[in-house]
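Try each task yourself before you read its solution.

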Amino acid sequence: MPSVMINKTEAGGLTLYVPKKDLEEMIVSMEHEGPGRWGGELTLADGSRYYLEPMDTEPRLPITLRVKRL
Amino acid sequence: MCAMKREEAEALIQEVLEVYPEKARKDRAKHLAVSDPNVEQAKKCIVSNRKSVPGVMTIRGCAYAGSKGVVWGPIKDMVHISHGPVGCGQYSRAGRRNYYTGHTGINAFGTMNFTSDFQEKDIVFGGDKKLEKLIDEIQTLFPLHKGISIQSECPVGLIGDDIESVSKKKAKEMDKPVVPLRCEGFRGVSQSLGHHIANDAIRDWVLPNRDDDSSFESTPYDIALTGDYNIGGDAWASRILLEEMGLRVVAQWSGDGTISELELAPKAKVNLLHCYRSMNYLARHMEEKYGVPWMEYNFFGPTKIAESLRKIAALFDEKIQEGAERVIAKYTPQMNAIIEKYRPRLEGKKVMLYVGGLRPRHVVGAYEDLGMEVVGAGYEFAHNDDYDRTIKDLGEGTLLYDDVTGYELEEFVKRVRPDLVGSGIKEKYIFQKMGIPFRQMHSWDYSGPYHGYDGFAIFARDMDMTLNNPCWDKLQAPWKKAEAAAKAA
């Protein structure tokens with residue numbers, strides 16, 4: 001369960017930063033992006049996948065969260 | 001004159017690795033690479049931030065160096081106690097040349113060494129009592145100090161002193177911040193963890209101090225200058241450019257900085273980050289908690305400065321953007337004159353760099369402005385994300401070496417024969433005796449500043465002064481020179 005930081009880039013995409021691994025990578029897909037539900041399975045540009053417990057609303061970014069590595 | 005071809009560089013790495021025993025060779029092989037601009041992620045070609053191989057000569061420092069020396073040391077109006085034996089503080093005292101204004105010993109303490117000077121009895125019975133006494137003494141002798149930081153040296157962690165409780169007690173008594181840092185030297189693989197610990201301490205002990213205080217009158221043009229340690233006056237040379245374009249610098253972290261500037265930084269509009277490695281943790285934290293966005297910039301060499309100034313200005317309104325153009329236009333003729341003067345003397349020269357956590361990538365632009373080429377680059381304590389940022393700036397076939405050992409660096413230099421090596425004081429005399437011009441690039445070889453437009457003038461002069469110094473062909477005795485010439489013939 002790494003603690004990660006999710007942030008918005010200037011271009012509008014989302015990035016995932018894993019401090020322990022110095023990994024800063026674009027999130028290419030997120031299971032729930034729509035209003036009402038935010039989170040779920042995340043796929044990064046390098047192919048690795050993480051699971052984020054879905055939230056009811058989109059939080060204010062950046063935010064530090066715990067995610068599960070899949 | 002171009003960098004080595006890819007195959008040559010790879011062959012050189014293999015050759016250098018051959019002397020190691022098998023296990024060490026396997027380990028070191030991961031830290032040496034040849035740059036390839038097409039690689040997106042550094043982790044695919046180089047491994048960094050790992051423990052050094054026992055028995056090799058590493059150039060790294062320790063967590064205490066990262067915390068006391070780098071991040072906290074330059075904060076001038078605080079007293080930084082080197083808590084533990086006397087050596088750590090004394091041998092690192094004032095060596096980094098982070099300049100500050102103020103009266104040393106009255107209201108500024110940057111170049112002084114405060115230590116609890118542990119003796120055997122402190123190790124046996126604990127040093128907390130001594131620390132309390134020391135803080136009382138500081139309060140009596142230097143009443144104008146604005147706070148105290150306690151920088152732990154190795155024994156403090158080993159014997160399990162409770163410096164936190166002393167800090168809380170004394171902070172209450174004095175009504176000044178007292179910050180305990182668990183930066184014992186044995187923690188982590190290099191000084192990089194010290195930066196992290198120092199950042200976390202600022203986050204926990206300093207930043208929240210003014211959370212409910214809205215008395216600070218902010219303007220829309222407030223910025224915080226972070227990750228600039230004012231080495232030889234660097235931060236000043238950067239600050240005047242930002243002020244000239246119409247911005248207000250409310251905090252300087254931490255070169256020539258004060259504790260109140262640390263507390264003010266969250267109230268700025270943008271956080272400008274020069275040294276990404278040592279302060280990115282705080283930049284990210286401030287973005288999350290206070291909503292202060294951060295941006296990396298690079299103030300080495302006119303090309304990168306202009307690029308950075310425009311990037312910074314783009315975050316603000318037209319007034320600032322105009323200001324940026326005005327600043328660039330003002331300095332461009334001066335810079336052209338400098339390039340015109342020095343470029344012919346430096347054109348085509350090859351440089352190998354091995355410094356800390358940001359310079360090998362930041363100074364590439366400055367060297368290119370002078371027509372020089374970086375043929376080898378490496379970091380002491382960088383992480384993956386630093387190499388991600390570096391690879392973009394380097395040309396094809398550049399040697400990359402992470403946490404290079406003394407032996408490897410020497411062999412690389414012998415074979416590549418660069419015209420200039422830029423590294424630290426421990427490497428300086430080896431290479432100078434080998435007859436290779438050398439600049440100490442940690443604290444600018446007692447020169448500086450190198451940041452900003454003013455800094456570039458000094459940078460160019462220094463490179464020329466070192467490279468074209470007539471001493472380099474006098475290193476060989478005349479009779480040996482004749483012998484060598486005869487042999488060559």
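**Exercise 1.** Decide whether B:G424 is buried, exposed or partly exposed in this predicted model.

*Solution.* 
Step 1. Start with the count: B:G424 has 16 C-beta neighbours inside 10 Å.
Step 2. Recall the cut-offs: a residue is buried at 20 or more such neighbours and exposed at 12 or fewer, with partly exposed in between.
Step 3. With its 16 neighbours, B:G424 therefore counts as partly exposed.

**Exercise 2.** Find the place of B:G424 in chain B, and list its contacts beyond four places in sequence.

*Solution.* 
Step 1. Look between strand 13 (420-423) and helix 19 (425-433) of chain B: B:G424 is in the loop that joins them.
Step 2. Leave aside the neighbours within four places in sequence; B:G424 is then in contact with B:I59, B:Q440 and B:H442.
Step 3. Now try a distance. From B:G424 to B:I197 you count 227 residues in sequence, and the C-alpha atoms are 24 Å apart in space.

**Exercise 3.** Work out the strand order of the open sheet of four strands in chain B, and say which strands are at its edges.

*Solution.* 
Step 1. The order is 3-2-4-5, and the pairing is parallel.
Step 2. Strand 3 (114-115) and strand 5 (178-181) of chain B each pair on one side only, which makes them the edge strands.
Step 3. Zoom in on one pair: strand 2 (residues 79-83) and strand 3 of chain B are joined in the parallel sense over two bridges. Here B:I81 stands opposite B:F114 of strand 3 of chain B.
Step 4. Helix 3 of chain B lies across strand 2, strand 4 (148-152) and strand 5 of chain B, and runs at about 155° to strand 4 of chain B.

**Exercise 4.** Describe how domain 2 of chain B touches domain 3 of chain B.

*Solution.* 
Step 1. Count the contacts: 27 residues of domain 2 of chain B meet 20 residues of domain 3 of chain B.
Step 2. On the domain 2 side, the elements giving two or more residues are helix 3 (63-72) and helix 9 (191-206) of chain B. Helix 9 of chain B gives the most, with eight residues.
Step 3. Sort that side by class: eleven residues are nonpolar, eight polar and eight charged.

Methods: Residues numbered from 1 in each chain as written. Chains lettered and ligands numbered in written order. Predicted model: local features only at pLDDT ≥ 70, side-chain atom pairs only at ≥ 80, totals over all residues. Contact = placed C-beta atoms within 7 Å. Nonpolar A, V, L, I, M, F, W, Y, C, P; charged D, E, K, R; others polar. Pairing = 2+ DSSP bridges. Axes fitted to C-alpha atoms, helices over the stretch in contact; angles between N-to-C directions.
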